[in-house]
Amino acid sequence: MLDNLLFGFGVALSWSNLAFCFVGVTAGTLIGVLPGIGPLAGVALLLPLTYSLPPIGAIIMLAGMYYGAQYGGSTTSILLRLPGDSSSVVTALDGYAMAQRGRAGAALTIAALSSFVAGTLSTLLLALAAPPLAAVALSFGPADYFSLVVLGLIAAAGLGHGSVAKSVAMVALGLLLGIVGIDITTGMLRFTLGLRELEDGIDLVSVAIGLFGFSHIIFSLEESRSEQRAVAPIHKLSLTRQELRDSALPTVRGSLLGSLLGVLPGGGAVLSSFVSYALEKRISKQPDAFGQGAAAGVAGPESANNAAAQTSFIPLLTLGIPPNAVIALIGGAMVLQGITPGPEVIDKQPALFWGVVASMWIGNLMLLLLNLPLVGLWVQLLKIPQTYLFPAVILFASIGVYSTNGRAFDVFLAAAFGVLGYGLLKLRFEPAPLMLGFVLGPLLEENFKRALLLSRGDLAVFVTEPKSLVLLGLATALLCVFTLPSIARRRHKVFAESDN
Amino acid sequence: MATGGTSTISGAAGLARRFWRHADALLLLLLGLLVLLGSRSLAFGDLQNPGPGLFPICIAMILLMAAAVTVATPLHGTSAGAETGHRAKETLARFLPLVGITGASCLFALLAPRVGLLAASLACVLVATVVCGNRHPIRVLLFSVLLALATAGLFIEILRLPFPYF
């Protein structure tokens with residue numbers, strides 16, 4: 001592993017890849033700082049910029065943006081009680097309370113250091129776990145892959161915001177959009193509405209920009225609030241011994257928990273931060289201190305969300321299955337670059353795999369330097385009025401979509417998905433599972449058909465193959481758990497809290 | 001008469017409220033039915049040799065089941081459907097961001113192949129800036145020109161995308 005990591009550092013430390021990493025983490029911090037533009041919209045917006053880049057540089061940049069957004073989100077959570085993205089919601093509870101007590105600098109240092117430690121540990125875990133997992137994945141047959149995708153989709157639906165039924169419906173809608181175009185086995189056209197532009201399928205960038213870019217801007221404009229919040233002053237960035245002691249173990253626990261939850265289908269930064277906060281509060285000797293400025297309430301969730309953002313690359317790079325919507329987009333970017341995500345990436349594209357892994361550690365180091373000394377600069381960015389910010393995003397998105405294939409049709413499609421996304425948000429549908437269904441739809445159908453062909457039409461193949469049986473069993477168990485009345489009530493309560 | 005008129009209005013409002021309350025389920029039902037309809041022309045095949053219609057029909061079934069569960073679930077009453085009904089009635093201005101943002105983007109798509117990236121970008125930013133609430137003409141114009149120049153320059157000169165300025 002050490003040789004491979006050294007090889008990866010050799011790739012990641014080239015001037016061009018360092019520059020791509022820097023651009024990615026800086027854009028990620030910016031996305032994280034600005035409320036209303038989450039990592040999903042950010043990756044979608046940055047995607048067109050990567051077309052002309054070499055594949056390794058493109059993936060390093062997009063990955064940097066994803067984990068960079070976790071850092072940026074904590075800054076506004078702590079200083080303004082305004083989470084830049086969902087994974088920083090819980091950080092606001094104790095981070096802002098610390099800031100109110102004059103410990104804003106300490107809270108920022110805890111968030112940055114715990115994120116850095118988590119980034120280092122999860123990079124090591126990624127390097128350790130990915131190769132053996134990829135070897136296991138090579139033994140997967142079509143039935144196993146089908147069941148794995150089903151498990152991933154059900155987990156994504158259950159762990160998403162709002163009603164499980166609506167999330168499942170979003171997955172189904174995503175699957176439907178994913179199969180638009182020519183059927184690969186028969187060559188027949190499906191759901192193209194007579195439009196030639198849809199024969200090769202719906203463009204990933206149009207869906208992503210429309211659903212997560214345009215619709216969120218429209219929603220934000222409608223809900224726009226003009227209130228100005230006071231930024232907590234930053235006195236000193238140094239920690240007291242007590243704060244250091246209080247945040248050390250939660251950082252380690254958060255890193256391990258986040259690393260684990262990031263790998264699971266449906267998991268990711270948001271879930272990890274919530275679970276870590278709940279865990280720290282439960283095992284603390286002073287649970288009443290949580291919400292009042294407990295260092296553990298910042299260190300745990302911040303380390304967990306950063307670790308999860310990085311280990312969520314493991315399923316994509318080893319199994320070819322993205323565990324959440326942001327990683328699905330990055331997987332889409334790999335496909336656009338001519339790389340098929342999956343177990344063969346490590347063997348066939350070692351420079352890409354090890355280069356991206358090593359760049360994550362370098363990116364974390366850059367983020368540490370970007371986020372602590374330059375925190376004042378990021379806070380200033382919050383003063384950019386949306387009357388200037390949003391038009392820039394709209395233009396950038398429109399040119400980005402247009403440049404994908406040089407077709408006006410794709411921009412019209414993105415606008416249509418913007419309207420759809422707005423309608424879905426209004427009716428409280430969660431669009432993220434749709435994205436996952438869209439990316440995984442063709443894979444699900446292909447493996448379903450191949451499994452049936454190989455078994456000569458025997459549906460029992462999905463339960464007679466041991467790996468498939470275990471995965472389908474897990475999927476069924478998850479579905480049952482999510483629909484249990486007590487769990488459903490608890491989910492509803494958790495999401496209501498996070499919305500507030 | 002007045003009472004009758006009032007009851008008619010409240011009846012219509014109640015109907016609208018009920019519609020918005022179930023709008024999410026209705027949307028899923030409509031989608032499910034549309035997929036079923038669209039799958040009619042596709043061969044279903046058999047299990048040994050699945051046709052292109054098998055998968056879409058499974059998707060339609062999931063959508064219809066989700067519609068049924070959405071109607072039946074107790075959480076359904078707290079959905080934003082009812083709110084949407086109230087809001088939709090307020091003013092047409094509510095739809096300005098929806099029409100304006102998508103319109104700005106479509107305007108860019110219409111103009112870009114005809115007049116080049118720069119003019120299309122300028123038109124897009126002008127519309128979007130006004131829709132986003134900036135009503136100061138000189139600032140809007142200056143901002144639009146600068147942003148259009150910078151963005152077109154970034155995509156054409158730095159990222160080397162094959163689009164003309166004009």
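**Cavities**

I looked up the largest cavity and found a volume of about 60 Å³, a volume being the space filled by probe spheres set on grid points joined across faces, edges and corners. For the search I took a cavity as a set of points, on a 1 Å grid over the protein atoms alone, where a 1.4 Å probe fits but cannot get out, with lining residues having an atom within 4 Å of a point. The whole structure holds two cavities of 30 Å³ or more.

I note that this is a predicted model, in which local features need pLDDT of at least 70 and side-chain atom pairs count only at pLDDT 80 or more, while totals for chains, interfaces and linings use all residues. Residues are numbered from 1 along each chain as its sequence is written, chains are lettered from A and ligands numbered from 1 in the order in which they are written, and side-chain values use heavy atoms, with hydrogens and water left out.

Among the residues lining the largest cavity I listed Tyr71(A), Ser74(A), Leu108(A) and Asn371(A).

**Chain B against chain A**

I counted 64 residues of chain B in contact with 60 residues of chain A, contact meaning heavy atoms within 4.5 Å. The two chains bury about 5,500 Å² between them, 80% of it on carbon and sulfur atoms, where buried area is the accessible area (1.4 Å probe) lost on being put together, summed over both parts. In chain B, Leu47(B), Phe55(B) and Cys132(B) lose the most area to chain A, together 11% of what that side buries.

Which residues form a salt bridge with a closest N and O distance of 2.8 Å? I found Lys166(A) and Asp24(B), under the criterion of a side-chain nitrogen of Lys or Arg within 4 Å of a carboxyl oxygen of Asp or Glu; the count between the chains is one.

How values were computed: On a 1 Å grid over the protein atoms alone, a cavity is a set of points where a 1.4 Å probe fits but cannot get out, and a pocket is an open set with protein on both sides within 12 Å along at least five of seven lines; lining residues have an atom within 4 Å of a point.
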